[in-house]
Amino acid sequence: MPELRFENVKKNYGDKQALCGVSFTLNEGIYGLLGPNGAGKSTLLNILTGNLPATEGRILLDGEDVAKLGRRFRAKLGYMPQQQTLYPGFTCERFLYYIASLRGMSKARTKERVGELLHLLALEDVRKKPTRALSGGMKQRLLLAQAMLDDPDILVLDEPTAGLDPRQRIVVRNLIASVALHKIVLLSTHVVPDVEYIARELVLIGDGEVVCQDTPQNLCQGMEGQVWDVEIPETGLDQMGQYGLVSSLRRSGSGVAVRLIADAPPPYPSRNVEPTLEDVYLHTFGDEGGL
Ligand code: ADP
Ligand code: MG
């Protein structure tokens with residue numbers, strides 16, 4: 001099994017410390033790099049893919065430094081950056097052929113893969129359109145197509161579902177899940193449902209530090225007994241903040257049902273409910289970053 005290991009990776013932008021010594025290890029499967037905006041996700045992925053030098057630390061693939069592997073590492077890598085960088089004058093198809101030629105793919109294989117991916121990502125109708133004429137969601141899917149083109153062993157996706165509508169999110173999520181066999185997939189997001197069901201493990205990152213790495217099930221189990229469904233009169237809403245973190249609200253009869261994250265129940269009718277990953281996210285990052 002392949003192993004990708006981050007060892008004490010640090011990154012400073014001037015005197016801003018964006019990564020404060022990040023260490024974790026990935027094997028085969030889908031890993032969600034989950035954290036709020038500004039957590040350092042893109043910085044970490046840019047270091048992994050060789051687009052940005054680390055200030056300190058290293059990344060090892062099966063014990064070898066990826067910086068030293070250079071081309072041999074990049075040949076195994078598919079990368080979808082967060083910034084939509086497409087050649088505006090190229091058509092979708094030409095863009096994919098261009099990427100394939102950079103990767104040294106054969107003509108026959110290129111033709112087959114381009115056809116396949118345009119189909120899977122519902123881009124067949126716009127294959128002859130210049131990339132500048134595409135909608136945000138189409139650009140996003142084209143970027144995903146180029147990352148998957150050479151069927152890479154390591155697939156790095158930076159916020160792959162940004163700008164997609166709910167249906168496209170599902171298509172993209174299923175596509176990622178379906179290609180992940182025998183690969184290392186590292187997918188960054190701040191959107192919990194993106195990784196809730198497809199990720200084998202989540203790496204929670206906040207403020208340049210890895211907070212924890214575990215399976216979604218274990219993360220949820222770790223919060224058992226701390227999530228409450230609380231029935232309150234509408235007038236009690238303002239005080240809820242003093243008892244814990246409000247995860248969600250819904251109208252219930254004459255009052256409000258509050259989903260509350262707290263060590264102890266508040267002085268209202270409360271019952272323990274099953275924690276979700278959304279609760280874990282709020283509990284972990286609730287005090288960080290605001291909106
Ligand atoms: P994320 O992808 O999790 O939203 P980023 O890696 O983009 O986070 O950013 C991490 C932190 O580093 C943020 O505080 C961001 O403002 C800062 N940062 C990112 N890129 C630069 C840069 N080129 N120069 C200075 N600060 C940067
Ligand atoms: Mg980012």
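Glycine 29 is placed in strand β3 of this model, which is a predicted one. With a relative accessibility of 15%, glycine 29 counts as buried, because the limit for that class is under 20%. Its contacts, leaving aside residues up to four places away in sequence, are Lys183, Ile184 and Val185.

**The strands around β8**

- Strand β3, which covers residues 29–34, pairs with β8 in the parallel sense, and the pairing extends over 6 bridges.
- Within this pairing, isoleucine 30 is the residue that stands opposite valine 185 of β8.
- Strand β7, made up of residues 154–158, likewise pairs with β8 in the parallel sense, here over 5 bridges, and isoleucine 154 stands opposite isoleucine 184 in β8.
- Between β7 and β8 the chain passes through helix α7 (residues 166–179), and the β-α-β crossover formed in this way is right-handed.
- Strand β8 itself spans residues 184–189, and it is largely enclosed by the rest of the structure because 6 of its 6 residues are buried.
- The cover extends to both faces of β8, with Ile184, Leu186 and Ser188 buried on one side and Val185, Leu187 and Thr189 buried on the other.

**The antiparallel sheet**

- An open sheet is formed by 4 strands in the order β2-β1-β4-β5, and the pairing in it is antiparallel.
- The edges of this sheet are β2 (16–26) and β5 (64–65), each of which pairs on one side only.
- Strand β1 (residues 4–13) and strand β4 (residues 56–61) run antiparallel and are joined by 5 bridges, and the bridge partner of arginine 5 in β4 is leucine 60.

**The magnesium site**

- The magnesium ion, which is ligand 2, is coordinated at 2.1 Å by the OG atom of Ser42 and the OE1 atom of Gln82.
- These two residues link distant parts of the chain, since they are 40 residues apart: serine 42 belongs to helix α1 (residues 41–48), whereas glutamine 82 lies in the loop between β6 (77–80) and α4 (92–102).
- Glutamine 82 counts as partly exposed, because its relative accessibility is 35%, a value in between the 20% limit for buried residues and the 50% limit for exposed ones.

**Aspartate 279 and its surroundings**

- Aspartate 279 has its place in helix α10, which runs over residues 277–285, and it counts as buried because its relative accessibility is 0%.
- The side chain of aspartate 279 makes a polar contact of 3.0 Å with the side chain of serine 247, and it also reaches the backbone nitrogen of threonine 276, at 2.9 Å.
- When residues up to four places away in sequence are not counted, aspartate 279 touches Met223, Val227, Ser247, Arg259, Ile261 and Glu274.

**Asparagine 218**

- Asparagine 218 is found in helix α9, which comprises residues 216–221, and it counts as partly exposed because its relative accessibility is 38%.
- The side chain of asparagine 218 is in polar contact with the side chain of aspartate 214, at 3.0 Å.
- From C-alpha to C-alpha, asparagine 218 and leucine 249 are 25 Å apart in space, with a separation of 31 residues in sequence.

**The chain as a whole**

- The protein chain is divided into domain 1, covering residues 4–220, and domain 2, covering residues 225–273, and the C-alpha centres of domain 1 and domain 2 lie 38 Å apart.
- The secondary structure of the protein chain comes to 10 helices and 14 strands, and along the principal axes its C-alpha atoms fill a box of roughly 70 × 45 × 35 Å.
- Of the 291 residues in the protein chain, 47% are buried.
- Among the contacts in the protein chain with a separation of 6 or more, 69% are between residues 24 or more positions apart.

Key. Residues numbered from 1 in each chain as written. Chains lettered and ligands numbered in written order. Predicted model: local features only at pLDDT ≥ 70, side-chain atom pairs only at ≥ 80, totals over all residues. Heavy atoms only, no water. Domains from an automatic or database assignment. Buried < 20%, exposed > 50% of the residue type's maximum accessible area, 1.4 Å probe, protein only. Pairing = 2+ DSSP bridges. Right-handed = clockwise from strand over helix to strand, strands pointing away. Polar contact = N/O pair within 3.5 Å; in protein donor to acceptor, adjacent residues only side chain to side chain. Contact = heavy atoms within 4.5 Å. Donors = N, O, S within 2.8 Å, 3.2 Å for Na, K, Ca; no water.
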